[in-house]
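Dear colleague,

Please look at the sequence and the structure first, and then read on.

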Amino acid sequence: MEDQVEEIELKPVTVRRTFTLRNNVARQVAVNFMPSRQIPYGTLRLRRSNSDSEALLAGGADSERQADIIVREMEQLQRLMEDNPVSEELRREALRDLPQGLTMKRTVRAKLSASVSLRSKHRPISFYKRLKYRISFAMKKGRDRISELIFSIEPWHEAIRHVEGQFGSAVGSYFHFLRWLFAINLLLAMLLVCFVVVPQVLHDQENNNKTGSMGFLDFVSGKGGFEDSVLFYGHYHWGDVSALGPLTYNMPFAYFFTMFSLYFFFFAILCYRTAYSYRRNFIEIAGGLSNVFATKVFCGWDFGIVSQHAASLNASSIYNEFKELLSEQNKKHVTMSLCRRVCQYMVNVAVTLCVLALVAALQYGLWQLLALDTQLQHWEIFVSLIITFVIALCPLLFNLIVRVEYYKARTALYVTLARTGLLDISTLTLLLVYWSQSGTPCWESAVGRETYRLVLLDSLVSLFLLPLVEFARGFIFKMSSSSSSTGPEFNLSYNSLTLVYNQGVVWVGAAWCPLLPAALALKFLLLFYVKRECALRACQPARKVWRAAQTQTVLYMLVTLSLFVTLFAIGSLFLRGSSEWCGPFMKYSAVWGVVSEGVLRLPDRPVLHALLAFLTRPGVIAFLFLSLCVATYLMRARARAQRSMVGILRRMLVLQAKDKDFLLAAIDKVSNGEWLYNPREEDQSADSHTLKYLQEVRKPSNAAYHFDVTRLNHSEPRPHRAETRPHRPHSHHVATRRTSEDGDTDSSFSWQGSATCLNNTNDDKLE
């Protein structure tokens with residue numbers, strides 16, 4: 001509770017003095033009955049205080065009157081009489097510090113509560129508000145229980161902890177990211193199967209729809225019997241499908257609104273996850289973390305561990321975290337000349353331009369390959385194989401190219417992720433643009449088949465080919481007799497970008513291949529166990545250990561960016577175009593007609609049609625975009641201001657800690673009788689934090705105040721300050737500080753001569 005400040009002014013005939021008393025509320029009541037307050041002054045306030053003090057000193061039958069007096073004294077403080085939790089806590093602390101018995105405190109508390117209730121403007125809580133609070137509390141408890149349940153069934157927890165204990169948080173971030181993508185695709189697959197696939201399957205069973213032959217090449221290419229199945233967009237019915245009994249199910253509405261809701265729902269989840277990860281890994285640690293090692297030493301161990309295996313995993317994990325923290329702290333900042341830095345920047349820019357030219361050349365070659373007219377059977381399988389191998393080999397090439405540049409380990413990883421992400425997103429966008437402009441009947445199913453082949457062929461590469469290469473490389477390293485050779489490391493950037501690429505393929509193909517998320521979820525399930533075995537049995541811990549907590553944020557950003565580009569492409573190429581050859585939107589002039597004609601009925605509502613046409617004009621969209629940019633700029637400026645304020649508050653905390661250290665040392669010296677204590681005599685160096693603190697930082701409003709010892713003599717009038725200032729040789733330090741205007745007087749106060757002055761003053765009073 002904050003100390004209350006009261007200025008008590010006493011006016012004798014010849015002496016005037018002012019004291020500043022800092023105390024809490026309970027002590028304030030006792031101050032009113034100190035001997036210095038019992039002098040019979042001619043004021044109504046002090047006469048009442050005297051009678052009150054006599055009542056307080058009396059006991060027994062006057063306990064009720066004593067309680068009234070204490071309540072009346074406390075009622076004079078406005079902060080105690082407010083009806084809010086802070087004032088209630090202040091009243092509780094005041095009663096706790098009150099020098100009275102427990103019965104008296106209970107009486108005072110009852111009277112104070114009644115007085116606060118009478119003064120309060122708040123009405124009792126109504127029935128509906130109580131019901132609202134109970135519902136909110138029940139929902140909060142439900143959310144907590146659901147979160148506890150999810151945490152209790154969290155998959156692969158021990159497996160990821162084992163990997164982190166062996167390889168550190170960098171490799172662990174990959175498996176965390178893989179698990180999160182698996183959960184996303186599993187949820188997406190369940191919703192699509194329930195709302196889109198199952199009704200179509202029921203409709204096919206009722207109408208006895210049969211599919212063609214399904215061979216191995218048909219399974220790989222997605223043609224034959226698979227082409228006219230629930231796997232692709234073209235098979236879904238364009239009207240109502242019969243459900244259980246007399247109920248019907250509108251397939252166009254279900255298909256459109258399910259896809260629309262799921263895409264934007266997962267986009268919102270990705271945006272929230274990315275923002276949360278960015279705030280946690282970038283913003284909150286922007287000012288640096290203090291006492292990290294002490295926190296890890298004293299708070300890093302999990303005392304709930306009961307098994308020896310879990311204890312060894314936790315110990316190895318803490319060991320790797322210490323290595324990461326020490327490597328971060330012991331970075332050597334090499335000073336380079338301006339010419340060398342310019343040369344390094346030029347090399348980085350030149351290599352980046354070459355990589356961009358390579359990506360553009362690959363996209364041009366892919367477009368020519370897709371447009372190639374050939375009569376080869378199953379040519380689309382060869383095209384998909386070429387795309388898969390390009391996507392698989394380019395990250396390795398980018399990983400070699402980045403070694404030529406002058407980047408740190410973490411920056412090199414981010415650069416490789418960005419370049420490979422650009423290649424993946426541009427490739428998928430090019431495929432979508434090509435098929436939409438090709439003029440092929442039912443091009444939507446062609447896009448679905450293309451994405452299906454890419455996921456299938458990449459599964460063969462990720463689950464079979466790459467693990468064989470990694471195990472062969474690990475076996476060769478183990479059989480090698482050379483002890484100086486370094487073992488193969490877990491390629492974090494390549495494996496992470498494989499996940500980002502597969503998820504990008506699903507974002508593009510889920511609209512035209514509803515079962516594609518289920519296939520990717522199954523692939524991620526198998527990939528987790530394959531990659532875990534590869535990491536534990538065929539890879540070695542990295543030579544340079546570094547923290548990779550921020551890597552997950554970059555991966556979330558890439559997945560969010562791929563979904564944003566997919567939404568933009570689908571909105572531009574699919575929703576505004578017609579789907580007259582196949583699919584559930586054959587009856588509409590455009591896919592967007594499901595909403596405009598089927599739901600809103602815009603042809604019958606010209607006013608609503610004109611309003612929507614106005615809202616979709618480029619000028620309105622540009623205005624909204626500019627408003628979003630301005631809001632983003634304002635939020636960024638506010639974040640920077642808050643960051644600067646956080647820095648100021650942190651420096652203030654450091655200064656307060658130094659103040660406490662200084663005052664504790666001064667009190668220790670005074671208690672030991674060392675009255676000649678002076679901080680400047682101990683440390684005269686320019687690096688003394690005390691001198692810097694006194695000279696540059698602390699400049700209070702009373703910096704020129706000087707404590708006059710002659711004030712202690714109340715029998716004589718006090719001379720003017722200007723007259724007494726030259727006759728105080730013991731205040732040399734104070735005068736020096738006041739002249740130099742460098743701040744606090746309490747820090748440079750010299751006790752030299754203080755005891756002598758006090759003794760002389762007492763002798764004068766005795767005389």
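F127, Y128, L131, I135 and M139 together make a nonpolar surface patch of about 580 Å². Please keep in mind throughout that this is a predicted model. One of these residues, L131, has its place in helix α6, which covers residues 127-152, and it counts as partly exposed at 40% relative accessibility.

**Helices α7 and α8**

In helix α7, made of residues 157-167, the buried residues are A159, I160, V163, E164, G165 and F167, and the helix is followed by G168, whose phi is positive, near 95°. Further along, R179 sits in helix α8, which takes in residues 169-207. Is R179 buried or exposed? R179 is buried, because its relative accessible area is 13%, which is under the 20% that marks the limit for buried residues. Leaving aside residues up to four places away in sequence, R179 touches E154, P155, W156, H157 and I160.

**Annotated transmembrane regions**

The unreviewed UniProt entry carries the annotation "transmembrane region" for residues 177-198, 253-272, 345-367, 379-401, 455-476, 553-575 and 610-635.

**Cysteines**

The count comes to 1 disulfide, formed by C442 and C582, whose sulfur atoms are 1.7 Å apart. The link of C442 and C582 is right-handed, with 90° about the S-S bond. Because C442 lies in the loop between α15 (409-437) and α16 (443-479), and C582 in the loop between α19 (551-573) and α20 (593-599), the pair ties together parts that are 140 residues apart in sequence. Both ends count as buried, C442 at 15% relative accessibility and C582 with a relative accessible area of 8%.

C534 is buried, at 0% relative accessibility, whereas C629 counts as partly exposed at 35%.

**Salt bridges**

A search of the whole structure finds 13 salt bridges, and I describe some of them here. K111 pairs with D68, the closest N and O atoms being 3.1 Å apart; since K111 is in helix α5 (residues 102-119) and D68 in helix α3 (residues 63-75), this pair ties together parts that are 43 residues apart in sequence. K111 is partly exposed at 25% relative accessibility, and D68 is partly exposed at 33%. E64, D68 and K111 are linked in a network of salt bridges.

K223 and E380 also meet in a salt bridge, at 3.7 Å from N to O. This pair links distant parts of the chain, 157 residues apart, with K223 in the loop between α9 (216-221) and β3 (240-242) and E380 in helix α14 (residues 379-401). K223 is partly exposed at 32% relative accessibility, but E380 is buried at 16%.

Finally, E533 forms a salt bridge with R537, with the closest N and O atoms 2.6 Å apart; E533 and R537 both lie in helix α18 (residues 516-538), 4 residues apart, or about one turn of the helix.

With kind regards

Methods
Residues are numbered from 1 along each chain as its sequence is written. This is a predicted model: local features need pLDDT of at least 70, side-chain atom pairs count only at pLDDT 80 or more; totals for chains, interfaces and linings use all residues. Side-chain values use heavy atoms; hydrogens and water are left out. Helices (H or I, at least four residues) and strands (E, at least two) are DSSP runs, numbered from the N terminus. Buried means under 20% relative accessible area, exposed over 50%, partly exposed in between (1.4 Å probe, protein chains only). Contact means heavy atoms within 4.5 Å. UniProt positions are given in the numbering used here, feature names are shortened, and annotations may be inferred rather than shown by experiment. Patches are made of residues with over 30% relative accessible area and no salt bridge: like charges are joined within 9 Å, nonpolar side chains (Val, Leu, Ile, Met, Phe, Trp, Tyr) within 5 Å. Accessible areas come from the Shrake-Rupley method with a 1.4 Å probe; for residues, only the protein chains shown count as cover. A salt bridge is a side-chain nitrogen of Lys or Arg within 4 Å of a carboxyl oxygen of Asp or Glu. A disulfide is a pair of cysteine sulfur atoms within 2.5 Å.
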